[in-house]
Amino acid sequence: MASVPSLASAVEQRVSAALSSALPEAGAADPLLRRSDRADFQANGILALAKKAKANPRELAGTVLDGLDKGDVIAEIEVSGPGFLNITVSDKAIIETLAARAADDRLGVPVNASAGTTVIDYAQPNVAKEMHVGHLRSAVIGAAMVEILEFTGEKVVRRHHIGDWGTQFGMLIQYLIEHPHELDHKADGTEGDAEVSGEEAMSNLNRLYKASRALFDSDEEFKTRARARVVDLQAGDPETLALWQRFVDESKIYFYSVFNKLDMDIQDPDVVGESGYNDMLVETCKLLEESGVAVRSNGALCVFFDEYKGPDGNPTPLIVQKSDGGFGYAATDLSAIRDRVGNLKATDLVYVVDARQSLHFKMVFETARRAGWLTGDTKAVQLAFGTVLGKDGKPFKTREGETVRLVDLLDEAVERAASVVREKAQDLTEDEIAERAAQVGIGAVKYADLSTSAARDYKFDLDQMVSLTGDTSVYLQYAYARIQSILRKAGDRSPTAHPELELAPSERALGLHLDAFGELIAEAAAEYAPHKLAAYLYQLASLYTTFYAECPVLKADTAEQVENRLFLCDLTARTLSKGMSLLGIRTPERL
């Protein structure tokens, strides 16, 4: 496992050394290197340095150029405009750097030596409730960030903060006590503990929820019994807790079936719901009140902020404990922070939560800082995401105005993908078509989400998602499958780097983009920005398509050129596969 410095960093080091030599008083100067359409790279930093030193920028650029050690890395360099440096790297340097990447299992991507421990809170469905389209983004964005962070060397602790506590459980448990067979599973027409499907589990829960809600709304005596049951639950009554656990277990069967359909791995020890912090709530409130961070207001325990005001102009408080003694979400979230920093030793906390909860989390984080639970060493961020919209640009609903069930959405995506795969399939069996359809359909849903900046809303358009053209996962998967087809047809000709060859423009463009993979991964991890990885992969597939159109691979002019182009194909495929896997998307060998 070897970290491979990128060509950009090699050029930057050389320009920086020449800058420091030309202008010693500037110290270690940043040449502000970026990709350019006039050359491979452009250094823009000379202008600001010249202004500071009261020097002529073009003259300073000329001095830097004269003192630059080009080595085998830089082929051409020229002064441009008011004092820019346009830099072209050598073909030899491109292929040698890519060969070093190809020799490493990690494609030369470094492991962050100063990595810490990130607790990432994502995929948080509610017990006894169906998952809908609103649950998609937290799951998909969170899972991608887990993979990206772990690949950079971060220790990641997953947390699924499911909604498994609250007053609604009094109603559900009381109804189950009075109708004890409502959660029984059926098998071949007989009752028993059959292996139950996620659909059956949800069907039972839905039926029970609707029936208990109808009774709660229409029968005052049942309502009284249900409210008393909440008190029993919170007091830890064994019978009540056992029935509550049945609801949690039944819901998990359903959750796991949906996450399985999403091709996501959710481990039971990582599911720590609201109830997991119950034992800490009283102490959390006590600590906040004793330290003066929270104060009593009309009987409720509140934290006030000058910067957050309601429509009436009065400060909007964070309510930690209600006047009736019940605990709000804030108490649970603050207790979770105490646990994650104190017990899990988190250096970073990431919450993949709907943007509409931004105010709540700003107040929770600020409260935790005031209480000393979040210190300067610990960073807490909300990776806020926007809303999933329908084609009409409005929040995604069914024709009847209902929230769209997530399972229905995923099933439809797989169906659409099956028709695309079947149309293209030449030698696939029906089983293989079904397997590819799941990989393509689920991949399409994930990519549509991840290719949009998390904070933005996006339109859920299945026709566009499974399109073979444009910025879709299907386009990337077909690029990968096309390369695998070429590699199979290559016979005994193997991918081999030939640094001595001259490269065509599209080979250079592809090679320089492949070389930027490691820096892109570091950027996506640091900014919690999986959409940047998606954009990189789309550009990679696009550059490969241009290369494929302009540069014959198996019919190249010389044997060395065939091997070198096979090498570029192979490294492109490996980079696509690794990048897609970090986004949670499969790359089938054949499509």
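In the predicted model, the second largest pocket holds about 690 Å³ of space. Here a pocket is an open set of points on a 1 Å grid over the protein atoms alone, with protein on both sides within 12 Å along at least five of seven lines, whereas a cavity is a set of points where a 1.4 Å probe fits but cannot get out; lining residues have an atom within 4 Å of a point. Grid points are joined across faces, edges and corners, and a volume is the space filled by probe spheres set on the points. The second largest pocket is lined by 23 residues, of which Tyr478, Ala481, Arg482, Ser485 and Leu591 are the closest to its centre. Helix H16 (473-489) and helix H19 (530-550) each contribute at least two lining residues, and H16 provides the largest share, nine residues. By class, this lining comprises twelve nonpolar, three polar and eight charged residues, where Ala, Val, Leu, Ile, Met, Phe, Trp, Tyr, Cys and Pro count as nonpolar, Asp, Glu, Lys and Arg as charged, and the others, Gly among them, as polar.

Residues are numbered from 1 along each chain as its sequence is written. As the model is a predicted one, local features need pLDDT of at least 70 and side-chain atom pairs count only at pLDDT 80 or more, while totals for chains, interfaces and linings use all residues; side-chain values use heavy atoms, with hydrogens and water left out.

The chain contains 20 helices and 15 strands, defined as DSSP runs (helices H or I, at least four residues; strands E, at least two) and numbered from the N terminus. Its C-alpha atoms fill a box of roughly 90 × 65 × 45 Å along the principal axes. Of the 591 residues, 51% are buried, the term denoting under 20% relative accessible area, with exposed meaning over 50% and partly exposed in between (1.4 Å probe, protein chains only). Of the contacts (heavy atoms within 4.5 Å) between residues at least 6 apart in sequence, 73% join residues at least 24 apart.

The largest nonpolar core has 152 residues, and Ile87, Phe247 and Phe460 touch the most other members. Such a core is a set of buried Ala, Val, Leu, Ile, Met, Phe, Trp, Tyr and Cys residues joined through side-chain atoms within 4.5 Å. A second, separate core of 30 residues includes Leu288, Ala330, Ile337 and Met363. Beyond its neighbours within four places in sequence, Phe460 contacts Leu136, Val388, Leu389, Lys391, Phe396, Leu409, Val445 and Met465.

The 19 residues of H13 (residues 406-424) should span 27 Å at 1.5 Å a residue, in agreement with the 27 Å between its end C-alpha atoms; the expected span is 1.5 Å times one less than the number of residues. Helix H12 (residues 358-370), with 13 residues, reaches 18 Å from its first C-alpha to its last, close to the expected 18 Å. Met363 is among the buried residues of H12, together with His360, Phe361, Val364, Phe365, Thr367 and Ala368. Their cover includes helix H10 (281-290), helix H11 (329-342) and strands S10 (300-303), S11 (318-321), S12 (348-351) and S13 (379-382). Just after H12, Gly372 adopts a positive phi of about 85°.

Two non-glycine residues with positive phi lie in loops. Leu107, at about 60°, is located between helix H4 (91-102) and S5 and is buried, with a relative accessible area of 5%. Asn298, at about 55°, lies between strand S9 (295-297) and S10 and is exposed, with a relative accessible area of 77%.

A search of the whole structure finds one cavity of 30 Å³ or more. The largest cavity has a volume of about 40 Å³ and is lined by Ala123, Pro125, His160, Ile162, Phe255, Tyr256, Phe259, Ile266 and Val271. Eight of these lining residues are nonpolar, one is polar and none is charged. Ala123 is in the loop between strand S5 (117-121) and helix H5 (136-151) and counts as buried because its relative accessibility is 2%. Apart from neighbours within four places in sequence, Ala123 contacts Ser138, Ala139, His160 and Phe259.
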